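Biologist: I am new to this structure. Please show me how to read its features one by one.

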Amino acid sequence: MRKVVLAILSHPDDAEMMCAGTLSLLKKQGWEIHIATMAPGDKGTAEYNREEISVIRKEEARNAAKLLGGTYHCLEFEDVYILYDRESINKTAALIRRIQPSLVFTSSPTDYMIDHEMTSMIVQTACFSCGIKNLEISEKPFDPVPYLYYCDAMEGKDKLGNPLPPAMYVDISTEISIKAEMLGCHKSQRNWLLKHHKVDEYILAMKRFAEERGTEINVDYAEGFRQHLGHGYPQENVLVDILGSLVTIK
Ligand SMILES: [Zn+2]
């Protein structure tokens, strides 16, 4: 198996919030790390225009990925307007074909923001299409379909407030400081919340949630995942093979 992982989520900082600890564990096992966002985070500001904040946030995401020696990619869609359509599927499939990951992490299929749900569906289709010859893009098809995992939804709940329990937990206790450092690269978001809350709510909220997930399996910090197990996708839980006892199945 090629040791290449792609975390492709909606906005800059989503991967840092939801799967950076697991990415760091993979990095330690020699995996090549790619972090991609569908949009540049162009609505995540109260002070800059879209172009300005997009440049700032992509640089922040690039710096975060660099901490794992990883590469950052932006598909340049727009916050709030991530759509499940031909263009988004083709661009996402093209990125996946260029990177040829064995392992893909994406947003939860159910989440607080439609951007996340659309991303989840787009990535599902783009992974499934990696070997489809007649998909009309220039990048060459490849096999097999990558292992696809969904990250936790924001605060681990659906839009009706019901808990969305993970199917598995990764113990990231040893990686919490690098995860915090990666999240801290998103200075524009961190300072925005700092100004608003007067405390470092950005980092604190991430730690609170990782701690909550950790408590559920009696470790300090954890990240939760669910695997896409639909027809045509690999069925083994490869995360267990890679990370061993750091993975707890519920
Ligand atoms: Zn997001």
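Biologist: At roughly what angle do the axes of helix H7 and helix H8 cross?

Modeller: Two packed helices are described by the angle between their axes and the distance between the axes. This is a predicted model: local features need pLDDT of at least 70, side-chain atom pairs count only at pLDDT 80 or more, and totals for chains, interfaces and linings use all residues. Residues are numbered from 1 along each chain as its sequence is written. Here the axes of H7 (residues 187-197) and H8 (residues 201-216) cross at roughly 100° and come within 7 Å. Axes are lines fitted to C-alpha atoms, for helices over the stretch in contact, with angles from 0 to 180 degrees between N-to-C directions. So H7 is roughly perpendicular to H8 (65 to 115 degrees; under 35 is roughly parallel, over 145 roughly antiparallel, the rest oblique).

Biologist: Which residues make the contact?

Modeller: Residues are in contact if their C-beta atoms, placed from the backbone, lie within 7 Å. H7 gives Gln189, Arg190, Leu193 and His197, and H8 gives Glu201, Tyr202 and Ile203.

Biologist: How many helices and strands does the protein have?

Modeller: Both are DSSP runs, numbered from the N terminus: helices (H or I) of at least four residues, strands (E) of at least two. The protein has 9 helices and 8 strands.

Biologist: What share of the residues is buried?

Modeller: Buried means 20 or more other C-beta atoms within 10 Å of a residue's own; 12 or fewer is exposed, and in between is partly exposed, with C-beta atoms placed from the backbone. Of the 250 residues, 46% are buried. In H2, 7 of the 9 residues are buried, so H2 is largely enclosed by the rest of the structure. Among them are Ala20, Leu23 and Leu26. After H2 comes Gly30, with a positive phi near 90°.

Biologist: Which residues touch the most other members of the largest nonpolar core?

Modeller: In soluble globular proteins, nonpolar side chains tend to be buried together. A nonpolar core is a set of buried Ala, Val, Leu, Ile, Met, Phe, Trp, Tyr and Cys residues joined through C-beta atoms within 7 Å. The largest one here has 67 residues, and Ala7, Val104 and Val170 touch the most other members. Beyond four places in sequence, the contacts of Val104 include Leu6, Ile8 and Val123.

Technical notes:
Two residues are in contact if their C-beta atoms, placed from the backbone, lie within 7 Å.
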